[in-house]
Amino acid sequence: MRRARTLTALLTALTLVAATGCGGDTQAEPAQSADDVTYITAFGAAGRDAFAWIAEEKGYFREARLNVRIELGKAGGENLKAMASGQVQFANLDLTGAMISAGAAGGKGYRDFRAILAVHQQTLVSIMSMEGTGITTPKDLAGKKIAAAANSVNQLLFPGYAKLAGIEASGVRWVAVQPVQLGSTLASGQVDALSTFLIGSPTIEKATMQAKQKKLVVFPYSEYLPDLFGNAVLTTTELATKNPDLVKRFREALRKALVYTVEHPDEAAALLHRKQPETAADAASQEIKLMTPSVTAEGTGASIGLISRTRVLGAIESLRSAGLVESAMTPEDLVAFDLMPSG
(Lines give C-alpha, C1' and ligand atoms only; values in the text may rest on other atoms or scores of the structure.)
Protein backbone atom coordinates (compact mmCIF):
# COMPACT_ATOMS: atom_id res chain seq x y z
CA MET A 1 0.00 0.00 0.00
CA ARG A 2 2.81 2.33 0.95
CA ARG A 3 4.48 1.40 -2.35
CA ALA A 4 1.32 2.29 -4.26
CA ARG A 5 1.05 5.69 -2.52
CA THR A 6 4.71 6.37 -3.29
CA LEU A 7 4.20 5.53 -6.99
CA THR A 8 1.12 7.77 -7.14
CA ALA A 9 3.04 10.67 -5.62
CA LEU A 10 5.88 10.18 -8.11
CA LEU A 11 3.50 10.19 -11.07
CA THR A 12 1.84 13.34 -9.78
CA ALA A 13 5.18 15.10 -9.47
CA LEU A 14 6.18 14.08 -12.98
CA THR A 15 2.88 15.35 -14.32
CA LEU A 16 3.46 18.73 -12.67
CA VAL A 17 6.98 18.93 -14.12
CA ALA A 18 5.67 18.09 -17.59
CA ALA A 19 2.94 20.70 -17.29
CA THR A 20 5.49 23.29 -16.24
CA GLY A 21 7.73 22.45 -19.19
CA CYS A 22 4.82 22.72 -21.64
CA GLY A 23 3.55 26.00 -20.32
CA GLY A 24 0.87 24.91 -17.85
CA ASP A 25 0.08 27.67 -15.39
CA THR A 26 3.66 28.96 -15.35
CA GLN A 27 5.45 31.59 -17.41
CA ALA A 28 6.63 29.85 -20.62
CA GLU A 29 8.77 31.33 -23.35
CA PRO A 30 6.23 32.45 -26.00
CA ALA A 31 6.81 31.44 -29.61
CA GLN A 32 7.83 34.39 -31.75
CA SER A 33 5.17 35.24 -34.30
CA ALA A 34 5.97 35.82 -37.94
CA ASP A 35 5.82 39.31 -39.50
CA ASP A 36 3.63 39.86 -42.56
CA VAL A 37 5.30 41.83 -45.37
CA THR A 38 4.79 42.34 -49.09
CA TYR A 39 7.59 42.27 -51.64
CA ILE A 40 7.34 43.43 -55.25
CA THR A 41 9.57 41.96 -57.97
CA ALA A 42 11.61 44.10 -60.35
CA PHE A 43 9.40 43.37 -63.32
CA GLY A 44 6.94 40.54 -63.63
CA ALA A 45 8.30 37.04 -63.18
CA ALA A 46 11.48 37.03 -65.24
CA GLY A 47 14.48 34.85 -64.46
CA ARG A 48 16.17 37.76 -62.69
CA ASP A 49 13.40 37.63 -60.07
CA ALA A 50 13.44 33.86 -59.47
CA PHE A 51 15.29 34.19 -56.17
CA ALA A 52 12.16 35.52 -54.44
CA TRP A 53 10.35 32.23 -55.03
CA ILE A 54 13.50 30.33 -54.01
CA ALA A 55 13.38 32.16 -50.66
CA GLU A 56 9.77 31.04 -50.30
CA GLU A 57 10.30 27.44 -51.44
CA LYS A 58 13.50 26.77 -49.48
CA GLY A 59 12.03 28.10 -46.27
CA TYR A 60 14.37 31.09 -45.97
CA PHE A 61 11.44 33.40 -45.28
CA ARG A 62 10.01 30.99 -42.74
CA GLU A 63 13.37 30.68 -40.96
CA ALA A 64 13.46 34.48 -40.77
CA ARG A 65 10.01 34.51 -39.14
CA LEU A 66 8.38 36.18 -42.12
CA ASN A 67 5.15 35.65 -44.03
CA VAL A 68 5.96 37.19 -47.40
CA ARG A 69 3.45 38.03 -50.11
CA ILE A 70 5.22 38.23 -53.50
CA GLU A 71 3.67 40.59 -56.04
CA LEU A 72 4.71 41.12 -59.66
CA GLY A 73 6.38 44.47 -60.20
CA LYS A 74 6.35 47.01 -62.99
CA ALA A 75 9.00 49.55 -64.04
CA GLY A 76 11.27 51.11 -61.41
CA GLY A 77 9.27 54.30 -61.00
CA GLU A 78 6.05 52.35 -60.50
CA ASN A 79 7.69 50.12 -57.90
CA LEU A 80 8.87 53.18 -56.00
CA LYS A 81 5.32 54.52 -56.03
CA ALA A 82 3.99 51.22 -54.65
CA MET A 83 6.46 51.36 -51.79
CA ALA A 84 5.88 55.06 -51.11
CA SER A 85 2.12 54.48 -50.89
CA GLY A 86 2.55 51.69 -48.35
CA GLN A 87 1.26 48.96 -50.67
CA VAL A 88 4.55 47.06 -50.28
CA GLN A 89 7.32 47.12 -47.70
CA PHE A 90 10.13 45.94 -49.96
CA ALA A 91 10.70 46.55 -53.65
CA ASN A 92 13.20 45.30 -56.23
CA LEU A 93 14.10 47.97 -58.77
CA ASP A 94 16.98 49.61 -60.56
CA LEU A 95 19.08 51.43 -57.97
CA THR A 96 20.50 53.82 -60.55
CA GLY A 97 16.98 54.90 -61.51
CA ALA A 98 16.16 55.48 -57.84
CA MET A 99 19.33 57.54 -57.47
CA ILE A 100 18.38 59.69 -60.45
CA SER A 101 14.96 60.24 -58.89
CA ALA A 102 16.56 61.16 -55.56
CA GLY A 103 18.92 63.64 -57.20
CA ALA A 104 16.29 65.63 -59.07
CA ALA A 105 16.86 69.34 -59.46
CA GLY A 106 15.95 71.58 -56.55
CA GLY A 107 16.14 68.76 -54.02
CA LYS A 108 12.60 67.71 -54.94
CA GLY A 109 13.50 64.10 -55.72
CA TYR A 110 12.00 61.17 -53.86
CA ARG A 111 14.39 59.99 -51.13
CA ASP A 112 12.15 58.13 -48.72
CA PHE A 113 13.92 54.84 -49.39
CA ARG A 114 17.05 52.97 -48.41
CA ALA A 115 18.75 50.21 -50.39
CA ILE A 116 19.46 47.11 -48.33
CA LEU A 117 20.73 44.54 -50.85
CA ALA A 118 22.44 44.73 -54.23
CA VAL A 119 21.11 42.28 -56.80
CA HIS A 120 23.30 43.43 -59.70
CA GLN A 121 26.63 45.08 -58.98
CA GLN A 122 26.64 46.63 -62.46
CA THR A 123 23.94 48.27 -64.56
CA LEU A 124 22.43 45.90 -67.12
CA VAL A 125 20.63 48.57 -69.14
CA SER A 126 21.43 48.41 -72.85
CA ILE A 127 20.20 49.39 -76.29
CA MET A 128 19.63 46.77 -78.98
CA SER A 129 19.08 47.01 -82.70
CA MET A 130 19.14 44.56 -85.60
CA GLU A 131 21.93 43.98 -88.05
CA GLY A 132 21.29 45.67 -91.36
CA THR A 133 19.47 48.69 -89.95
CA GLY A 134 22.47 50.98 -90.34
CA ILE A 135 22.93 51.24 -86.58
CA THR A 136 26.45 50.01 -85.90
CA THR A 137 27.60 52.51 -83.27
CA PRO A 138 25.77 54.44 -80.52
CA LYS A 139 26.04 57.65 -82.56
CA ASP A 140 23.81 56.07 -85.22
CA LEU A 141 20.90 56.19 -82.76
CA ALA A 142 20.46 59.93 -83.33
CA GLY A 143 17.03 60.66 -84.78
CA LYS A 144 15.84 57.07 -84.35
CA LYS A 145 12.79 55.58 -82.61
CA ILE A 146 13.62 53.52 -79.51
CA ALA A 147 11.13 51.34 -77.66
CA ALA A 148 11.23 50.89 -73.88
CA ALA A 149 8.95 50.25 -70.93
CA ALA A 150 7.24 53.43 -69.77
CA ASN A 151 8.68 55.19 -66.72
CA SER A 152 11.74 52.93 -66.71
CA VAL A 153 15.41 53.55 -65.92
CA ASN A 154 16.21 53.02 -69.60
CA GLN A 155 14.87 56.45 -70.48
CA LEU A 156 16.02 58.10 -67.25
CA LEU A 157 19.59 57.04 -67.86
CA PHE A 158 19.69 57.64 -71.61
CA PRO A 159 20.60 61.37 -71.56
CA GLY A 160 23.72 60.61 -69.52
CA TYR A 161 24.65 57.68 -71.74
CA ALA A 162 24.02 59.78 -74.84
CA LYS A 163 26.20 62.61 -73.55
CA LEU A 164 29.16 60.28 -72.98
CA ALA A 165 28.60 58.26 -76.16
CA GLY A 166 28.31 61.34 -78.36
CA ILE A 167 24.64 60.88 -79.29
CA GLU A 168 22.33 63.81 -79.97
CA ALA A 169 19.71 62.79 -77.42
CA SER A 170 17.12 65.43 -78.31
CA GLY A 171 16.45 63.80 -81.68
CA VAL A 172 15.66 60.37 -80.26
CA ARG A 173 11.96 59.45 -80.12
CA TRP A 174 10.85 57.07 -77.38
CA VAL A 175 8.00 54.63 -77.88
CA ALA A 176 6.41 53.13 -74.75
CA VAL A 177 5.62 49.41 -75.04
CA GLN A 178 5.02 46.51 -72.69
CA PRO A 179 8.25 44.56 -72.02
CA VAL A 180 6.78 41.38 -73.54
CA GLN A 181 6.25 43.29 -76.79
CA LEU A 182 9.79 44.64 -77.14
CA GLY A 183 11.07 41.83 -79.37
CA SER A 184 8.09 41.83 -81.72
CA THR A 185 8.06 45.64 -81.90
CA LEU A 186 11.69 45.68 -83.06
CA ALA A 187 11.30 42.68 -85.38
CA SER A 188 8.27 44.23 -87.10
CA GLY A 189 10.18 47.43 -87.86
CA GLN A 190 7.91 49.66 -85.78
CA VAL A 191 11.04 51.02 -84.05
CA ASP A 192 14.71 51.22 -84.96
CA ALA A 193 15.98 50.00 -81.60
CA LEU A 194 14.87 49.14 -78.08
CA SER A 195 16.23 49.54 -74.59
CA THR A 196 16.06 46.77 -72.03
CA PHE A 197 18.30 44.76 -69.71
CA LEU A 198 21.30 43.11 -71.34
CA ILE A 199 20.26 39.72 -69.94
CA GLY A 200 17.06 39.91 -71.98
CA SER A 201 18.98 39.74 -75.27
CA PRO A 202 18.35 35.99 -75.95
CA THR A 203 14.59 36.52 -75.84
CA ILE A 204 14.82 39.61 -78.07
CA GLU A 205 17.13 37.90 -80.57
CA LYS A 206 14.83 34.88 -80.71
CA ALA A 207 12.04 37.19 -81.88
CA THR A 208 14.18 38.96 -84.49
CA MET A 209 15.62 35.69 -85.83
CA GLN A 210 12.17 34.15 -86.18
CA ALA A 211 10.81 37.21 -87.97
CA LYS A 212 13.72 38.40 -90.11
CA GLN A 213 16.71 36.13 -89.49
CA LYS A 214 18.50 39.13 -88.00
CA LYS A 215 20.99 39.06 -85.14
CA LEU A 216 21.23 41.82 -82.58
CA VAL A 217 23.62 44.73 -82.27
CA VAL A 218 23.95 45.49 -78.54
CA PHE A 219 25.20 48.66 -76.83
CA PRO A 220 25.54 48.22 -73.02
CA TYR A 221 25.24 51.43 -71.01
CA SER A 222 28.02 50.11 -68.78
CA GLU A 223 30.53 50.76 -71.57
CA TYR A 224 30.28 54.47 -70.74
CA LEU A 225 28.83 54.26 -67.22
CA PRO A 226 30.80 51.44 -65.52
CA ASP A 227 30.31 52.61 -61.92
CA LEU A 228 26.54 52.23 -61.78
CA PHE A 229 24.56 49.58 -59.94
CA GLY A 230 21.76 47.53 -61.46
CA ASN A 231 18.82 46.22 -59.47
CA ALA A 232 18.70 46.39 -55.69
CA VAL A 233 16.17 45.66 -52.96
CA LEU A 234 14.83 48.79 -51.25
CA THR A 235 12.66 49.54 -48.26
CA THR A 236 11.27 52.74 -46.80
CA THR A 237 13.43 54.96 -44.61
CA GLU A 238 10.84 54.63 -41.85
CA LEU A 239 10.91 50.83 -41.78
CA ALA A 240 14.72 50.74 -41.92
CA THR A 241 14.86 53.13 -38.97
CA LYS A 242 12.03 51.80 -36.80
CA ASN A 243 12.34 48.06 -37.38
CA PRO A 244 15.91 47.24 -38.43
CA ASP A 245 15.60 43.66 -37.11
CA LEU A 246 12.76 42.88 -39.52
CA VAL A 247 14.66 44.49 -42.40
CA LYS A 248 17.80 42.48 -41.63
CA ARG A 249 15.84 39.24 -41.47
CA PHE A 250 14.20 39.95 -44.83
CA ARG A 251 17.48 41.04 -46.41
CA GLU A 252 19.32 37.93 -45.26
CA ALA A 253 16.57 35.59 -46.48
CA LEU A 254 16.71 37.17 -49.94
CA ARG A 255 20.52 37.20 -49.97
CA LYS A 256 20.64 33.47 -49.24
CA ALA A 257 18.11 32.89 -52.01
CA LEU A 258 20.10 35.01 -54.47
CA VAL A 259 23.24 32.99 -53.76
CA TYR A 260 21.34 29.72 -54.18
CA THR A 261 19.75 30.92 -57.42
CA VAL A 262 22.99 31.76 -59.22
CA GLU A 263 24.48 28.47 -58.00
CA HIS A 264 21.45 26.44 -59.19
CA PRO A 265 20.01 28.33 -62.20
CA ASP A 266 18.15 25.40 -63.74
CA GLU A 267 16.47 24.47 -60.46
CA ALA A 268 15.52 28.09 -59.79
CA ALA A 269 14.12 28.49 -63.31
CA ALA A 270 12.07 25.28 -63.02
CA LEU A 271 10.61 26.49 -59.73
CA LEU A 272 9.79 29.88 -61.26
CA HIS A 273 7.95 28.14 -64.10
CA ARG A 274 5.93 26.09 -61.60
CA LYS A 275 5.00 29.22 -59.67
CA GLN A 276 4.48 31.40 -62.75
CA PRO A 277 3.66 29.09 -65.71
CA GLU A 278 3.73 31.90 -68.27
CA THR A 279 7.50 32.17 -67.73
CA ALA A 280 9.42 29.56 -69.75
CA ALA A 281 11.96 27.65 -67.67
CA ASP A 282 14.63 27.58 -70.39
CA ALA A 283 14.46 31.34 -70.93
CA ALA A 284 14.55 31.98 -67.17
CA SER A 285 17.57 29.70 -66.72
CA GLN A 286 19.43 31.45 -69.53
CA GLU A 287 18.67 34.84 -68.01
CA ILE A 288 19.92 33.75 -64.57
CA LYS A 289 23.17 32.48 -66.11
CA LEU A 290 23.64 35.73 -68.01
CA MET A 291 23.08 37.86 -64.92
CA THR A 292 25.39 35.81 -62.68
CA PRO A 293 28.59 37.81 -63.43
CA SER A 294 26.83 41.01 -62.43
CA VAL A 295 25.61 39.37 -59.20
CA THR A 296 28.92 37.87 -58.18
CA ALA A 297 30.96 40.86 -59.43
CA GLU A 298 33.86 38.57 -60.19
CA GLY A 299 37.25 40.17 -59.77
CA THR A 300 35.95 43.15 -57.78
CA GLY A 301 36.19 41.60 -54.32
CA ALA A 302 32.59 42.55 -53.56
CA SER A 303 30.43 40.10 -51.63
CA ILE A 304 27.11 39.09 -53.14
CA GLY A 305 24.50 41.62 -52.10
CA LEU A 306 26.92 44.12 -50.60
CA ILE A 307 26.64 47.83 -51.41
CA SER A 308 29.79 49.68 -50.37
CA ARG A 309 29.97 53.36 -49.58
CA THR A 310 32.92 53.79 -51.97
CA ARG A 311 30.94 52.32 -54.85
CA VAL A 312 27.95 54.55 -54.12
CA LEU A 313 30.17 57.62 -54.05
CA GLY A 314 31.50 56.64 -57.47
CA ALA A 315 28.01 56.11 -58.81
CA ILE A 316 26.84 59.51 -57.57
CA GLU A 317 29.82 61.17 -59.20
CA SER A 318 29.19 59.33 -62.49
CA LEU A 319 25.58 60.49 -62.54
CA ARG A 320 26.60 64.04 -61.65
CA SER A 321 29.25 64.09 -64.40
CA ALA A 322 26.67 62.83 -66.88
CA GLY A 323 24.30 65.63 -65.86
CA LEU A 324 21.68 63.25 -64.49
CA VAL A 325 21.56 64.50 -60.89
CA GLU A 326 21.73 68.09 -59.70
CA SER A 327 20.95 68.24 -56.01
CA ALA A 328 23.53 67.28 -53.42
CA MET A 329 23.15 63.86 -51.86
CA THR A 330 25.33 61.49 -49.89
CA PRO A 331 25.56 57.69 -49.90
CA GLU A 332 23.72 57.71 -46.56
CA ASP A 333 20.75 59.34 -48.31
CA LEU A 334 20.42 56.23 -50.45
CA VAL A 335 21.69 53.15 -48.60
CA ALA A 336 21.20 51.69 -45.12
CA PHE A 337 24.83 50.72 -44.63
CA ASP A 338 24.21 49.52 -41.08
CA LEU A 339 21.79 46.93 -42.50
CA MET A 340 24.13 45.63 -45.18
CA PRO A 341 25.31 42.01 -45.14
CA SER A 342 28.79 41.65 -43.69
CA GLY A 343 31.49 42.17 -46.29
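1. A nonpolar core is taken here as a set of buried Ala, Val, Leu, Ile, Met, Phe, Trp, Tyr and Cys residues joined through side-chain atoms within 4.5 Å, where buried means under 20% relative accessible area, with a 1.4 Å probe and protein chains only. The model is predicted, and local features need pLDDT of at least 70, side-chain atom pairs count only at pLDDT 80 or more, and totals for chains, interfaces and linings use all residues. Residues are numbered from 1 along each chain as its sequence is written, and side-chain values use heavy atoms, with hydrogens and water left out.

2. The chain has 13 helices and ten strands, these being DSSP runs (helices H or I, at least four residues; strands E, at least two) numbered from the N terminus. Of its 343 residues, 49% count as buried. Where contacts (heavy atoms within 4.5 Å) join residues at least 6 apart in sequence, 79% of them link residues at least 24 apart.

3. The largest nonpolar core has 96 residues, and those with the most contacts inside it are Y39, F90, L234 and F250. Helix α10 gives the most to this core, with ten residues. Leaving aside neighbours within four places in sequence, L234 is in contact with a set of residues that includes L80, M83, F90, L95 and F113, as well as Q89 and R114.

4. Five strands form an open sheet of mixed pairing in the order β7-β6-β8-β5-β9, two strands being paired if DSSP finds at least two bridges between them. The edge strands, each pairing on one side only, are β7 (173-176) and β9 (216-220). From one strand to the next the twist averages 30°, with axes fitted as lines to C-alpha atoms (for helices over the stretch in contact) and angles running from 0 to 180 degrees between N-to-C directions.

5. Strand β5 (residues 125-130) pairs with β9 in the antiparallel sense over five bridges, and V218 in β9 is the bridge partner of M128. Helix α6 (residues 153-165) packs on the sheet, touching β5, β6, β7, β8 and β9, and its direction makes about 85° with that of β5.

6. In helix α11 (residues 265-275), the residues P265, A268, A269, L271 and L272 are buried. Seen down the axis of α11, these buried residues fall within an arc of 160°, so they line one face of the helix; the arc is that of the directions from the helix axis to the C-beta atoms. The buried residues of α11 pack against α2 (50-57), α10 (244-263) and α12 (281-296).

Definitions and conventions:
Buried < 20%, exposed > 50% of the residue type's maximum accessible area, 1.4 Å probe, protein only.
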